[in-house]
Each structure stands twice: as structure tokens, then as C-alpha cells.
Amino acid sequence: MGHDDSAAPVERPTDTGGADGTTGTRGDTDETTGTRGDALRASEQRFGREFGRAPLGLVAASLSAGRRWAYLAVNDTYCELTGYPRAELDGTDLLGSFHPEDQPALEILIADARSGATDQVGATEQVGATEQVGATEQVGATDQVGATDQVGADVRLVRRDGELVWVHLTGSVIRPPAGEAYLAIFVEDITAAEQGRAELQRLQRELQRSRRLASLGQLVGGISHDFSNTLTVIANYASLVRDEVTVAETTESAAKWRHVRLDVEQIEEAAERSKRLIKHLLAFTRREEAEPILLDLGLLISDATGLLTEVLGEHVPVVTRQAAGLWPVQADPGLLKQAIVNIALNARDAMPGGGQITIDATNIDMDDLPAGGQDVTDLAELLPGRYVAFRITDTGTGMSAATAERAFEPFFTTKSGDRAAGLGLPTVHRFAAQLGGKAWLRSELGRGTTVTVVLPAAAGSGSPRAARAVRPSELSQVLVIDDEAAIREVAHRVLTSAGYQVVTAANGSEALGLLRDGKVVADLVLTDVVMPGMTGPAFAAQAQAMFPGLPVLFMSGYDQQESTAGEWPGPGAQVIGKPFSRAALLARVTQLLTADAGAGVGELPKQRGRSESGQAGPRTQPGRRVQAERG
């Protein structure tokens, strides 16, 4: 408001009192006095009109000891902003109109300005509400003669209906030549700007969090790949040893081999635990081979409830509430069920003395959201459309705000011991996001936790697809390609144990040489995806150009997101993720060979075995490995 005192309440001249009750100097005439009085009244009326219709709220408050901070005058804009009529504000405490947390600091600012300790407190200072963005203070002195002392702050005004409104105050301590000093304040509604700053701060936190997750994802992807290769070798060799022990027990004393069997079972159990950990890692980094199908969420929750009853124990009953007519969703049933189990296990751990878990499911139409719902803010980030949500609520210890903020961070955990993987909730969060949905939680210490997962509703309806039956394959030859010797060795052992003929090669170039020279009659190729030199897809393209219809099964510890252009197989390619079990590998190989034969290409193996001269290459004996010649 600068140094213009015209916005102050009009100061009436002090009555110096002539006998006739008039004021003025000697020689004034009644006509002159009347003219001045008319001008004063006109000035007051003009001021009143401008004061009342100003676009900003205007306030005058007392600074006198007897009426400290009392309202002296307000304009219509300020009354509309507060919701109070002028009569209710007149004479009341100015500071009482603001949030209690903001009042002490605001009082200090005004007192400093009144005493002259601070000539100007910057127009961008925020009082209280320290979580808001941009709270800065500027202090600058001015040496201009007659300068008024000014204060400025961003504070929360409490409206008559209790709603909080962010306002920017710019005020001046006015010291008129006659009369007492008072405080004149401009009041600007900045609620929209504050909400924008708060949203910007939230988005900045989300961006930082996404960057951290991306970095962790790259680290996890590399670890998962190497760990998957090692685990594939351990699990499959353990399975082979178990079969050999079984054979030995039939020919010798079972008691002699009992300890060996127990040792092998311990190895297999440890491999299975490691496999579950890898599953969490792969799901977190979107590297798990998902097979989304049309699902009835209500039925899946019912199935999961039966599993939870066994996993959680009798001291944690599970109650389900489902809305009628739930829309179907398109998701991988195994991953969805795993998400429910992960949340429930976290809830169980928060209720060591027992408690209750409630699972409810409902439809959500983004075009028909209830006003004021507690989840509206989170739902607003989703695209328009229809969604299905399920919530899992526990009666446990709850979380502090700081813990809840980090609950979806990978590897963050408050648990100890073998339950401290820290991947349960992050996997849930990533699963929902991958499908175009969202997951969030609300928690309070001593009042439990609610985790909400929202998934897009499927465009249509249908029934889950049936798995294709797999029948035993005929004796066939498999070409195995992997740059890691341990993987080639274990694949050879597993496939030959099932009666397949196996040829191995360390890279795509060697394998192409075997096929081109007629040294291998391959009915199926099992190849790694990412290899030094020629990648698996590049090899497959050349091999299938030579032998159209040659079935190829890719194996990889990575996924498409981690591969550069050209490294990952094209759409429709068959991929088995590492680590894979012996049973899974044999099932996929048998399935591909069966499908190949069923497609009417039974003569293809013979055609593939011929060299360019038309002479068929020699087959190896069953179970005999042909090693690629180097050089």
C-alpha cells in the first residue's frame, strides 16, 4: 500500500471549540466553513465507495493499548472472504480471525513493525504451516523520510463456516499527524496458489521417488538375472539327485539313503524359498512373465480367503464384504492373489496378539465419484473410466506418518529376521501400476491400516481361458544355446533324463554352424535371449529362415523392459523365465513339440536335418550330447 495514507479511516479535525461550536481560524466565514464541510463529506463518501468495492480485502485495526488488534473498519470484499457481516467483526480481535498456529508469529511481526524494529518484513513470508512450499522471509530497511512500517505474511484465515483460506497480508503501520497509529492491511485470497504449490511439492516428491525406484529397479534386475541362473542350476540338480536317490532306495536299503534324501529336500526347500524371493524381485521390477486373463475379482477374493485362513491362523479371522455386480478385471490371477496375500501377511505381522482382517470390494466409476470421499484425491490421479477396488483393513498397531510415507519403498521394512525382505507392499504397488491402476494406504498409530488397490475394469466379460493340455512328446532332439556353461550343463541333464536328444552350443554362431553343416537335426531350440555377440532372437531369425517352422523356446532372467531394441523376441514368442524348475522346463518343451506336431508339420524335423546338398545329417543317440566343434 506504499506510503499513501488516503486508505486510512478518515481523521476528523480535533474540535478546538469556538463559542459557536465551529472550528477553524480567525476570519473564517460561515460560507467558507460550510464549503469545507461539504468537501470533507464528499471526500468521506468517495473514500467509502472505493474502500467498499476494492478487489482486495481491506482492514483497519487498532494498535492502541486499550483496543489492541481490534477491528476498526473492513470492506465488503473482506466480509465476503470471511463470511462474517461487518457488524460481527467491528471491535473484535483481528488475530482471532486467523489459525491459532499462525497467531503468535503474526503478532510478533506486527509488534516489530509497530516498534520500528523492522521496517519491512517480506511479502512472501509464511507464518505457520511449515509444510507449505516457498516460505521465505525478506528483510530490508528503507531510509526514506516518513516511510511507514510494513508487514507481509501468508497465513490461514478461519472463515465463519470453519473452512481455512490461505491469504496474503500486506499491511502498514499508519502514523497520522493527529491521532493514534493504526494498522492498515490488504488481504488477498491465495488459496488456489497455495494448493498449486502443495501439488507441485507432491509431484516433486513423486518424481524423486520414481527416480529412486528406477535406480533400484536396475540394480534388482541385474541381481535377479545372475541369481536366477545360479538358482536354476541348484534347483534342477537337486531334482536330479532326488530322482537318483529314489532309484537307489528301490535297489538298496531305504534307510541307507534316508539322510541323503533329507539333505536333498533341504536343498530343494531352500531353492524354493529363494525362488519366491526372486519372484518378488521380478514382480517389483516388472520382469515376471505375467499372463493376464479375464477375472471375477469376487471369486478370486473368495479363493484367496480360504488360503489366508490357513496362512494367517485362527487368531486372525478374515471377513469379506463384496458389492453386488463387481465388474471383471484383466489380470494375472497368480500375481493378483499374491498381492492379496502380501497385504494380509503385513496385516498379520501388525497384530501379534490377534485381530481381524476385513476385505471389501466395490466398483468405482470415475464419472460418478462421491463428493468429499477420503479416497477422491488418490482416485483423481487415475484416467477416466471404470475401476474395481479392493481394500484390506486390519485392526493392528498402525503406522506413523513417516513409516506410511515409505511403506511402498522397496526393501524398506520395520520387521526383523527372515520376515524383513521389504518387498511385499512394493510388489503390490508395482502390480497395480503395471495394470493402469494404483495402490495406496492409510494408517494411524493404534488404529490399524487400510491398503486400497484399484484396478481397471475389463472392457468386456468372459470366462477364464483353459490351459492347453500337454501330452507326452515323442523322442526329439533339442538344441540348447547359452553362454553360461552351468546352464547348458543342467539343461542337458534335465532334458536327457526325460529321453530327449540334446546338443549344446555356447553362442548363436556356433549353433548356426551346426545347423548349416547338418551336424544337428533339431526339432526344437532352447536359447538364451541376451548373449554376447549374436542374441537369441537374431539366431532364431536366421535359423527359422533356413528351416521354416522351427520351434524356439527362449529363456531369460531379464524381461523386455531391460532389453534394447532387437534383443527381445517379437510378439507371440515363447519365453520361459529363469529360474525355472525341471518340471516347468519339460512341460514347456513338450508343449511346443506337441503343438508343432499338431500343426501338421510332422515332416519338418526331417527337412531341418538336411544340409544344402540335400543329404540328411546324422542324428545322435538318445541321451548323447554333441558338443559344438570350435575353430
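Which side chain meets Asp 102 in a salt bridge, and what is the N to O distance?

Mentor: Happy to, and please keep in mind that this is a predicted model. The partner is Arg 156: its side chain and that of Asp 102 meet in a salt bridge, at 2.9 Å from N to O. This pair links distant parts of the chain, 54 residues apart. Asp 102 sits in the loop between α3 (86-89) and α4 (103-115), while Arg 156 belongs to strand β3, residues 149-158.

Now look at how accessible the two partners are. Asp 102 has a relative accessible area of 0%, so it is buried. Arg 156 counts as buried too, because its relative accessibility is 8% and the cut-off for buried is under 20%. As for the pairing itself, side chains of opposite charge can pair when their charged atoms come close.

Glu 163 pairs with Arg 159, and here the closest N and O atoms are 3.8 Å apart. Glu 163 has a relative accessibility of 45%, so it counts as partly exposed.

Another salt bridge joins Glu 249 and Arg 261, with 3.0 Å between the closest N and O atoms. This one also links distant parts of the chain: Glu 249 lies in helix α5 (residues 191-251) and Arg 261 in helix α6 (residues 254-284), 12 residues apart. Arg 261 is partly exposed, because its relative accessible area is 22%, and partly exposed begins where buried, under 20%, ends. There is a network to find as well: salt bridges that share partners join Arg 242, Asp 243, Glu 268 and Arg 582.

Arginine also turns up beside an aromatic ring. Arg 386 lies over the face of Trp 327, at 4.1 Å from the ring centre.

Finally, the aromatic rings themselves. A search of the whole structure finds one aromatic pair. Its members are Tyr 71 and Tyr 78, whose ring centres are 5.9 Å apart. The angle between their planes is 50 degrees, and the pair is tilted. Tyr 71 counts as buried because its relative accessibility is 1%, and Tyr 78, at 0%, counts as buried as well.

So, back to the part you asked about: Asp 102 and Arg 156 form a salt bridge, Asp 102 is buried, and Arg 156 counts as buried.

Definitions and conventions. Residues numbered from 1 in each chain as written. Predicted model: local features only at pLDDT ≥ 70, side-chain atom pairs only at ≥ 80, totals over all residues. Heavy atoms only, no water. Phe/Tyr/Trp six-rings, centres within 6.5 Å; stacked < 30°, edge-to-face > 60°. Buried < 20%, exposed > 50% of the residue type's maximum accessible area, 1.4 Å probe, protein only. Lys NZ or Arg CZ within 6 Å of the ring centre and 35° of its normal. Salt bridge = Lys/Arg side-chain N within 4 Å of Asp/Glu carboxyl O. Helix = DSSP H or I, 4+ residues; strand = E, 2+ residues; numbered from the N terminus.
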